[in-house]
Amino acid sequence: MDNLREEVNYNEEPVFYCEKCMSLRIRFVNGLSNSEYCDNCGSTEINQSNIEDWRQQFKDKYGYDHLEEY
């Protein structure tokens, strides 16, 4: 049965993040299109990338690796 499972590379899954503060805490208003916003700073400037690209952008902006800190 295990050989029927498809391998998933979660590092390639898209993540949504705030362009302003780089937070991954993105929320949306249920039932309202284009309602995404940052739960950290309130910005509506939301983008997406894979986790490694986000990680590098965060490090470039803040000077440390967020994923290593937590």
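**Exercise 1. Count the aromatic pairs in this predicted model and classify those of Phe58 with Tyr62 and Tyr64**.

Solution. The structure holds 3 aromatic pairs. Rings of Phe, Tyr and Trp (its six-membered ring) pair if their centres lie within 6.5 Å; planes under 30 degrees apart are stacked, over 60 edge-to-face, the rest tilted.

Step 1. Phe58 and Tyr62 lie 4.7 Å centre to centre, with 45° between the planes: a tilted pair. They sit 4 residues apart in helix α1 (residues 51-62), so about one helical turn separates them. Helices here are DSSP runs (H or I, at least four residues), and strands are E runs of at least two, numbered from the N terminus.

Step 2. Phe58 and Tyr64 form an edge-to-face pair, 5.4 Å centre to centre with 85° between the planes.

Step 3. Ring pairs link Trp54, Phe58, Tyr62 and Tyr64 into a cluster.

**Exercise 2. Find which side of α1 is buried**.

Solution. The buried residues of α1 are Ile51, Trp54 and Phe58. They cover an arc of only 60° around the axis (taken from the directions from the helix axis to the C-beta atoms), so they lie on the same side of α1.

**Notes.** Residues are numbered from 1 along each chain as its sequence is written, and side-chain values use heavy atoms, without hydrogens and water. In this predicted model, local features need pLDDT of at least 70 and side-chain atom pairs count only at pLDDT 80 or more, while totals for chains, interfaces and linings use all residues.

Conventions:
Buried means under 20% relative accessible area, exposed over 50%, partly exposed in between (1.4 Å probe, protein chains only).
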